Amino acid sequence: MNDDKKPPIPLENNYDKHYSDASFWDKIKSFAAKAGYELIRNALLLYYAMQSPTMPAKDKAIIVAVLGYFILPTDLIPDLIAVLGFTDDAAALIWAIKTVKKNITPEISAKVESTLNEW
């Protein structure tokens, strides 16, 4: 993690314990329309990046924690609050992408776009 840029969420809160593939897809299915295209795209980008065998373990740990935070409905700003509910999730996802972007390949980005086009 970049020491000069702190994450927008406290990662030491063990959000990774809330992550599972099933809960990730449940969240995506439940909130895709409400969350919007960019937020879902960023979540998928991290999801597929985490699956990459070339992603360093340290970066995978960051991704799992941020996706765990994304999955939680009761985070800093609850997702059920209209409009504002996803701002903290969006900030966390963007921070994680910036942190691991050197390891996000064009193939990962293409997989995200393919998934979005299928929907």
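**Helix 4 and its neighbours**

Me: What do the buried residues of helix 4 pack against?
Reply: They pack against helix 2 (37-51) and helix 3 (57-71). Buried means under 20% relative accessible area (1.4 Å probe, protein chains only), and helices are DSSP runs (H or I, at least four residues), numbered from the N terminus. This is a predicted model, in which local features need pLDDT of at least 70, side-chain atom pairs count only at pLDDT 80 or more, and totals for chains, interfaces and linings use all residues. Residues are numbered from 1 along each chain as its sequence is written, and side-chain values use heavy atoms, with hydrogens and water left out.

Me: Which residues of helix 4 are buried?
Reply: Among them are Asp88, Asp89, Leu93, Trp95 and Ile97.

Me: How is helix 3 placed against helix 4?
Reply: Their axes, lines fitted to C-alpha atoms over the stretch in contact, lie 9 Å apart at an angle of about 170 degrees. Helix 3 is therefore roughly antiparallel to helix 4, a term for angles over 145 degrees.

Me: Which residues make that contact?
Reply: Contact means heavy atoms within 4.5 Å. On helix 3 the residues include Ile62, Val66 and Phe70, and on helix 4 they include Ala92, Trp95 and Val100.

Me: Changing topic, how many helices and strands are in the protein?
Reply: The protein has five helices and zero strands; strands would be DSSP runs of E, at least two residues.

Me: And how much of the protein is buried?
Reply: Buried residues are 46% of the 119 residues.

Terms used:
Buried means under 20% relative accessible area, exposed over 50%, partly exposed in between (1.4 Å probe, protein chains only). Axes are lines fitted to C-alpha atoms, for helices over the stretch in contact, and angles run from 0 to 180 degrees between N-to-C directions. Angles under 35 degrees count as roughly parallel, over 145 as roughly antiparallel, 65 to 115 as roughly perpendicular and the rest as oblique.
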